[in-house]
There are 2 protein chains.
Amino acid sequence: MHCNKVSRILPGMKPTPDPQGSLATRLQAAVQGRGQRWTEQRQLIADVLAASDGHATGAELVERVRAADPSATPSTVYRTLDLLEELGFASHHHGVDGRETYHLEEVLAHGHLHCQGCGAEVELDAAAAKPILAAIERVTGYAADLDHLSLQGRCPSCRAAAAR
Amino acid sequence: MHCNKVSRILPGMKPTPDPQGSLATRLQAAVQGRGQRWTEQRQLIADVLAASDGHATGAELVERVRAADPSATPSTVYRTLDLLEELGFASHHHGVDGRETYHLEEVLAHGHLHCQGCGAEVELDAAAAKPILAAIERVTGYAADLDHLSLQGRCPSCRAAAAR
DNA sequence: AACCTTATTGCAATGCATTGCGATAGACTA
DNA sequence: TAGTCTATCGCAATGCATTGCAATAAGGTT
């Protein structure tokens with residue numbers, strides 16, 4: 001399974017935004033530190049993900065990686081994304097349609113808000129989400145993962161339209 | 001697309017838990033009211049969904065329906081589930097693994113909480129979720145859809161373990 | 001340099017969900 | 001009852017994500 005791996009990220013294991021080493025360097029160190037290898041393909045996949053720094057679905061990433069290196073296969077791409085996720089350098093969440101969307105942790109962790117009326121998709125940064133996460137913790141005791149927070153509902157303008 | 005159809009459910013269109021007509025009767029009325037047809041297969045699919053009143057993934061529902069009527073195909077099952085959803089009688093959300101989980105609206109709308117540590121999955125009823133939805137509205141203006149609320153994080157005991 | 005161990009990769013197959021299309025069958029009209 | 005319109009269904013194909021397995025390549029050891 002794919003998602004369960006996320007749970008292996010323990011507090012403190014997340015990469016500290018180190019002004020020193022580049023992303024690639026830090027990635028390499030993290031991977032090799034686990035007795036694993038830093039390959040060209042992994043480098044490429046990380047580059048592609050970094051280049052599409054907003055969000056990209058798994059399929060999009062596969063496509064872009066294959067554009068740069070046709071020998072790369074989907075399995076390798078997905079496995080590498082899993083790896084990056086285990087290491088806390090990337091994360092993914094499931095969009096409205098259940099498809100995966102990946103992004104680098106570099107981009108501050110954030111949640112997603114989807115309007116069922118107009119389809120608008122807005123992001124929720126850590127500061128904005130704070131009260132929400134606090135409410136969740138108060139009610140449930142859970143420390144919710146902002147990055148997997150994918151809310152659906154109706155945006156203010158659609159609510160106004162519906163109330164009319 | 002699948003999910004977008006949910007947005008067609010307007011406030012007030014949801015079926016009121018009417019002690020009169022059975023679920024089947026109300027469904028039939030709703031479907032025929034739209035100039036559509038109430039078929040045996042649809043009846044069967046609704047029955048199966050009602051029988052698995054907790055939650056069931058799309059694949060599970062397909063399997064159960066086919067057990068009762070081998071002539072039914074996945075496409076029919078999924079299309080019917082979409083229909084039930086459009087009518088507000090059912091809903092689905094995407095679990096941690098991105099797979100779909102359906103349930104009848106009969107079962108009170110509720111959210112889901114998944115612990116990334118131990119995998120525990122707990123439900124969140126409307127009352128418990130109220131403060132959370134309120135916080136979301138305060139911060140974002142969005143009226144979040146409780147039913148699509150699928151949170152991930154760490155449960156209290158896993159948090160305690162991690163803090164150790 | 002030859003060797004061993006193990007991570008990584010590509011390939012092919014699988015599963016779930018979705019969609020287009022032609023065939024069928026239901027409902028309604030005359 | 002015959003005829004028309006259109007919703008529904010089954011089939012086959014497609015797309016995305018995942019996994020098992022065998023071949024390969026990388027890294028370290030002697």
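**Entry 1: cysteines**

A reminder to myself before starting: this is a predicted model. I began with A:Cys155, which is buried at a relative accessible area of 7%. A:Cys115 is buried too, with a relative accessibility of 0%. How many disulfides does the whole structure hold? I searched all chains and got 0. For A:Cys115, the nearest cysteine sulfur belongs to A:Cys155 and is 3.6 Å away. I looked from the other end as well, and the nearest cysteine sulfur to A:Cys155 is that of A:Cys115, at 3.6 Å. A disulfide needs the two sulfur atoms within 2.5 Å, so A:Cys115 is in no disulfide at 3.6 Å.

**Entry 2: chain A at a glance**

Next I stepped back to the chain as a whole. I counted 6 helices and 7 strands in chain A. Read from the N terminus, the elements go α-α-β-α-α-β-β-β-β-α-β-β-α. Chain A has 164 residues, and 47% of them are buried. I also looked at contacts in chain A with a separation of 6 or more: 55% of these join residues 24 or more positions apart.

**Entry 3: strand S4 of chain A**

I picked S4(A), residues 110–115, and asked how many of its residues are buried. The count is 6 of 6, so I noted the strand as mostly covered. A:His110, A:His112 and A:His114 point one way from S4(A), while A:Gly111, A:Leu113 and A:Cys115 point the other way.

Which strands pair with S4(A)? With S5(A), residues 121–125, the pairing is antiparallel over 5 bridges. With S7(A), residues 150–154, the strands run parallel and 4 bridges join them. I followed A:His112 across both pairings: its bridge partner in S5(A) is A:Glu123, and in S7(A) the partner is A:Ser150. S4(A) and S5(A) make a hairpin with 5 residues between them, and A:Gly119 in the turn has a positive phi of about 80°.

**Entry 4: strand S7 of chain A, and over to chain B**

I stayed with S7(A), where 5 of the 5 residues are buried. A:Ser150, A:Gln152 and A:Arg154 point one way from S7(A), and A:Leu151 and A:Gly153 the other. I then found that S7(A) pairs with S6(B), residues 143–144, in the antiparallel sense over 2 bridges. Across that pairing, A:Arg154 stands opposite B:Ala143.

I looked for S6(A) as well. S6(A) pairs antiparallel with S7(B) over 2 bridges, and A:Ala143 has B:Arg154 as its bridge partner there.

**Entry 5: A:Asp145**

A:Asp145 sits in the loop between S6 and S7 of chain A. Is A:Asp145 buried or exposed? At 18% relative accessibility, A:Asp145 counts as buried, because the cut-off for buried is under 20%. Leaving out residues up to four places away in sequence, I found A:Asp145 touching B:Gln116, B:Gln152 and B:Gly153.

**Entry 6: two helices of chain A**

I turned to H2(A), residues 40–51, and H4(A), residues 74–86. They pack at an angle of about 75° with their axes 10 Å apart, which makes H2(A) roughly perpendicular to H4(A). On the H2(A) side of the contact I listed A:Gln41, A:Arg42, A:Ile45, A:Ala46 and A:Leu49. On the H4(A) side I have A:Thr76, A:Val77, A:Thr80, A:Leu81, A:Leu83 and A:Leu84. The residues of this contact divide into 7 nonpolar, 3 polar and 1 charged.

**Entry 7: B:Arg64**

Last, I looked up B:Arg64 in helix H3 of chain B, residues 58–68. B:Arg64 is partly exposed, with a relative accessible area of 36%. Setting aside neighbours within four places in sequence, B:Arg64 is in contact with B:Val48, B:Ser52 and B:Ala56. From B:Arg64 to B:Ser52 I noted 12 residues in sequence and 9.4 Å in space, C-alpha to C-alpha.

Definitions and conventions
Residues numbered from 1 in each chain as written. Chains lettered and ligands numbered in written order. Predicted model: local features only at pLDDT ≥ 70, side-chain atom pairs only at ≥ 80, totals over all residues. Heavy atoms only, no water. Buried < 20%, exposed > 50% of the residue type's maximum accessible area, 1.4 Å probe, protein only. Pairing = 2+ DSSP bridges. Axes fitted to C-alpha atoms, helices over the stretch in contact; angles between N-to-C directions. Parallel < 35°, antiparallel > 145°, perpendicular 65-115°, else oblique. Contact = heavy atoms within 4.5 Å. Nonpolar A, V, L, I, M, F, W, Y, C, P; charged D, E, K, R; others polar.
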